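Have a look at it, then try each task before reading its solution.

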Amino acid sequence: MTSRKRKRDETTSSTIPKTEEIISSESCLSQPSDQSVHEVITYKPSTLPAIHYDPDTTEPISCSLKSLDELLSWKRQEASLFNVATVPLASRYPPLHSCPRRTLVSHDMMGGYLKDRFIQGAEVETPYVFYHWEYIDIFNYFSHQMVTIPPAVWTNAAHKHGVLSIGTFITEWTDGAKTCEAFLADEESYRAAADKLVQISHCYGFDGWLINIENVLSETAVKNTGPFLRYLTDQMHERVPGSVVIWYDSVLKNGSLDWQNKLNDDNRMFFDACDGIFTNYNWTEQSLEWMKSYSAAQGRFADIYVGVDVFARGVVVGGKFETNKALKLIRKYEFSTAIFAPGWVYECHEKADFRQNQDKFWSLLSDYLYIHRPSSSLPFISSFCQGFGKSLYWRGQVEMKRSWFNLHAQEIQPLYLSENMDDGGWLRTRGCSEDAWIGGSSLMVEGMIPSGRSEVCARIFSLHVPLATRTFVSFVYKPPVGVKISLELKTIDGPLCTFDGMEEIARDSVFPEALAEDNQLVEQFARKCGQWSLDGWTTRCFLLKMTGCLLREVCIRVSRDGGDEDICFNCRIGEIMLLDAESLQAPLQSVEGICVNDVVWHKGDGHTQSKVLLNATLRWQYPTPQVRHFQIHWRRPRGPDPRIPPGPLTLIGRSYSTLYRVVELEVPAAPGLIELVVEPVSREGFRVPEAQWGRRTLSYSASSSENPSV
């Protein structure tokens with residue numbers, strides 16, 4: 001997995017185009033689809049902007065803006081198209097506006113923009129990832145750069161789970177005070193800054209800002225801060241529906257820097273001008289109690305995000321593995337919470353124990369967090385990939401054998417739960433990278449069925465998904481020894497459920513029976529998937545015939561296979577997929593308009609200097625909601641001598657949008673001809689026939705002034 005950035009969109013205006021329009025704004029008319037692109041090899045330094053591309057490899061990277069000048073001079077046509085989030089915000093139940101006590105996570109880790117800055121992924125053995133999305137409402141990417149733009153990988157992962165992704169605008173210390181004096185000098189100045197923040201958010205596809213002014217403000221600057229916040233909030237709501245602007249508890253109405261640890265008369269003017277306040281961390285139960293009766297808080301408890309520093313710096317309640325103590329008090333007084341730096345579980349512990357510690361941390365908080373249910377329409381699909389792994393798998397087979405990290409690959413995450421039963425039994429679900437069906441990890445369901453109990457049941461998804469009249473279900477797992485596995489689906493009648501209120505509704509359990517292998521639907525499904533080696537995996541297919549029902553829960557039921565002694569088990573779940581059975585008939589589309597841009601040639605290093613390395617951007621057209629990912633290949637096409645067959649397809653990497661940066665691809669010496677190939681893989685995992693793949697041939701020759709063999 002590599003990476004690359006793309007430049008271009010349109011000039012800024014009051015009507016901001018959608019992401020698809022930005023990406024399609026460059027024309028490929030100069031590259032007719034039936035013609036080869038020709039390049040003359042020259043080994044010149046890359047002219048791609050270093051802010052968007054790694055200067056050594058030309059991989060596309062995410063970045064921040066470090067100064068007011070950079071903010072005010074930002075231009076839409078110079079934005080990185082690789083960093084534009086491509087996943088729309090998914091619907092969930094309950095939605096943000098109906099959630100009375102919200103949870104914001106502020107991701108502050110070692111300055112930010114670590115390996116997650118590589119938009120097409122990186123090789124990392126033990127990366128930090130977040131995957132407990134069902135518990136949170138807002139994800140804030142935090143750094144101490146002035147304008148922190150969330151990397152697209154984080155926004156896409158958040159949006160896939162219905163979570164808002166917001167950036168950070170921060171000023172600090174003496175330099176921060178000078179910045180504030182400049183952009184808060186008058187209405188024209190603060191509107192200019194706000195307009196750029198709105199344009200950046202809309203361009204890159206994220207959902208708002210945390211405003212963090214941590215320096216003293218002059219009388220003029222503080223007088224203009226409220227109007228700045230209100231103007232920014234109003235413009236964000238207009239340009240990015242559903243967006244939020246949140247103020248951090250720092251500056252007071254008189255301009256002094258004095259953290260209050262609560263909402264009060266000294267900071268309410270900022271709260272009144274935006275969507276919420278993120279309080280500082282040194283609060284007490286007495287301050288929560290006072291705030292609950294404070295007049296300005298009435299009717300807006302959900303907009304007060306009481307801050308919790310997981311590192312437990314200063315005099316705080318809870319923190320670390322006792323963060324649950326803080327949440328217990330916050331929820332007692334009916335406030336929202338902002339959990340700052342939960343990456344403590346990664347930074348301050350052994351990296352090899354990261355999953356275990358992260359699951360422990362969120363399990364301790366779970367009593368005080370809502371479980372949000374994905375509520376999108378069918379298909380519902382997850383292979384449980386967390387966005388990293390020791391290898392990259394496709395249908396149980398290793399496609400790439402090395403450690404990798406790419407949050408674009410993260411799929412809808414299940415519930416990671418741990419339960420101890422009164423009779424001594426226990427049950428746990430966790431991610432595991434030792435083996436996978438698709439991606440980098442599978443779901444382990446493990447536990448112990450005690451003597452006297454016949455079965456246990458693990459809830460792996462809480463959903464709010466309307467079922468089709470005929471819903472096709474595919475379930476992939478590795479059968480464990482000594483127990484039997486069955487799938488249990490819990491449904492409710494659609495007319496009984498609305499998006500108002502939080503009450504639970506009675507559910508009906510459905511235990512679908514597996515279809516025979518010679519069933520027409522199963523055969524049709526298998527043909528679309530193509531051939532694969534099961535290698536210990538079992539695939540079961542089911543058909544649900546229901547009218548007006550919503551799927552509420554997906555459960556794995558584990559029952560003993562004889563005997564009555566205590567029995568331990570572990571079962572690996574590879575994938576769960578629910579589709580409208582009619583979609584199995586739907587035709588798959590062809591890749592169109594593939595073109596090659598921004599070519600950069602490199603020589604190999606050291607003793608490999610005779611090697612020719614190609615760097616280039618591929619761009620194409622395809623309806624991205626229909627795909628899981630694209631496979632990017634290359635090969636040597638058939639030469640002029642018909643006796644020489646074309647070379648085999650070689651996988652370069654995966655793309656999760658209609659852009660891909662080929663990085664340091666070794667190609668035959670000049671003169672040469674290669675074919676670059678884009679293969680779409682549907683959301684269901686169906687392989688598109690090769691005739692519908694996208695292709696572009698690239699010919700190249702040596703420059704008269706360059707000798708690639710030198």
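The exercises below go from the whole chain to single residues.

A note before you start: this is a predicted model, where local features need pLDDT of at least 70, side-chain atom pairs count only at pLDDT 80 or more, and totals for chains, interfaces and linings use all residues. Residues are numbered from 1 along each chain as its sequence is written, and side-chain values use heavy atoms, with hydrogens and water left out.

**Exercise 1. Work out whether the radius of gyration of the protein chain agrees with that of a compact globule.**

Step 1: take the rule, which is 2.2 Å times the number of residues to the power 0.38, with the radius taken over C-alpha atoms.
Step 2: The C-alpha trace spans about 85 × 75 × 45 Å along its principal axes.

**Exercise 2. Describe what the protein chain is built from and what share of it is buried.**

Step 1: count the DSSP runs, numbered from the N terminus: helices are H or I with at least four residues, strands are E with at least two. You get 12 helices and 35 strands.
Step 2: sort residues by relative accessible area: buried is under 20%, exposed over 50%, partly exposed in between (1.4 Å probe, protein chains only). Of the 710 residues, 59% count as buried.
Step 3: look at contacts, meaning heavy atoms within 4.5 Å. Among those between residues at least 6 apart in sequence, 80% join residues at least 24 apart.

**Exercise 3. Describe how helix 9 and helix 11 pack.**

Step 1: find helix 9 at residues 323-332 and helix 11 at residues 354-365.
Step 2: The angle is about 25°, and the axes are 8 Å apart.
Step 3: list who meets whom. Thr-323, Asn-324 and Leu-327 from helix 9 touch Phe-361, Leu-364 and Leu-365 from helix 11.

**Exercise 4. Is Ser-201 buried or exposed, and what about Pro-241?**

Step 1: Ser-201 sits in helix 5, residues 187-204. Its relative accessible area is 1%, so Ser-201 is buried.
Step 2: check the neighbours. Leaving out residues up to four places away in sequence, Ser-201 touches Phe-206, Asp-207, Gly-208, Trp-209, Met-236 and Val-240.
Step 3: Pro-241 is in the loop between helix 6 (219-239) and strand 8 (244-248). At 64%, Pro-241 is exposed.

**Exercise 5. Find where cis peptide bonds join Tyr-93 to Pro-94 and Leu-378 to Pro-379, and look at the phi of Tyr-113.**

Step 1: recall that most residues other than glycine have a negative phi, and most peptide bonds are trans.
Step 2: read omega, which is about -5° between Tyr-93 and Pro-94 and about 5° between Leu-378 and Pro-379.
Step 3: Pro-94 is in the loop between strand 2 (92-93) and strand 3 (103-108); Pro-379 is in the loop between strand 12 (373-374) and strand 13 (380-382).
Step 4: turn to Tyr-113, whose phi is positive, about 55°. Tyr-113 counts as buried, at 11% relative accessibility.

Key: Axes are lines fitted to C-alpha atoms, for helices over the stretch in contact, and angles run from 0 to 180 degrees between N-to-C directions.
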